[in-house]
Amino acid sequence: NQGYNREQALDFIAAASATGCRIRLFEQPVAREDLAGMAWLRARTPVPIAADEAVFSARDALRVIEAGAADIINLK
């Protein structure tokens, strides 16, 4: 949850994959404000990216969608 920058998140996916780990979903890997970073990561990995902390309203969900920042939006 927001623990990486985009390069660290991509490195994590690569390292985990190299050990045989099959990541099925990466939830909110970068800061909630960093939609560009989420979109950058999403374009570089087949692992689905989920927005969680980035979405607190319908307006937030629309911003995530317009930025191409996530494959999945987690609603609470």
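The discussion below concerns a predicted model.

Trainee: In what pattern do the helices and strands follow one another along the sequence?
Mentor: The protein contains 3 helices and 3 strands. Read along the sequence, these elements give the pattern α-β-α-β-α-β.

Trainee: What is the radius of gyration, and why does the protein count as compact as a globular protein of that length?
Mentor: For 76 residues the globule rule gives 11 Å, and the value for this protein is close to that, so the protein is as compact as a globular protein of that length. Along the principal axes, the C-alpha trace spans about 40 × 20 × 20 Å. The radius of gyration itself is 12 Å.

Trainee: Which residue is the bridge partner of alanine 51 in β3?
Mentor: Strands β2 and β3 run parallel and are joined by 2 bridges. In β3, the partner of alanine 51 is isoleucine 73.

Trainee: How many residues of helix α2 are buried?
Mentor: Helix α2 covers residues 35-42 and is mostly covered. The buried residues are Leu35, Gly37, Met38, Ala39, Trp40 and Leu41. Their cover includes α1 (6-18), β2 and α3.

Trainee: Is aspartate 52 buried or exposed?
Mentor: Aspartate 52 lies in the loop between β2 (49-51) and α3 (58-67). Residues under 20% relative accessible area count as buried. Aspartate 52 has 5% relative accessibility, so this residue counts as buried.

Trainee: With which residues is aspartate 52 in contact, leaving aside neighbours within four places in sequence?
Mentor: Contact here requires heavy atoms within 4.5 Å. With the neighbours within four places in sequence left aside, the contacts of aspartate 52 are Glu27, Gln28, Asn74 and Lys76.

Trainee: How far apart do the centres of the positive and negative side chains lie?
Mentor: The protein has 9 positive and 10 negative side chains. Its accessible surface comes to about 4,700 Å², with 53% belonging to carbon and sulfur atoms. The centres of the two charge sets lie apart by 4 Å.

Notes
Residues numbered from 1 in each chain as written. Predicted model: local features only at pLDDT ≥ 70, side-chain atom pairs only at ≥ 80, totals over all residues. Heavy atoms only, no water. Helix = DSSP H or I, 4+ residues; strand = E, 2+ residues; numbered from the N terminus. Rg over C-alpha atoms; globule rule 2.2 N^0.38 Å. Areas by Shrake-Rupley, 256 points an atom, 1.4 Å probe, with all protein chains shown as cover. Lys, Arg positive; Asp, Glu negative; His and termini not counted. Charge placed at Lys NZ, Arg CZ, Asp CG, Glu CD. Buried < 20%, exposed > 50% of the residue type's maximum accessible area, 1.4 Å probe, protein only. Pairing = 2+ DSSP bridges.
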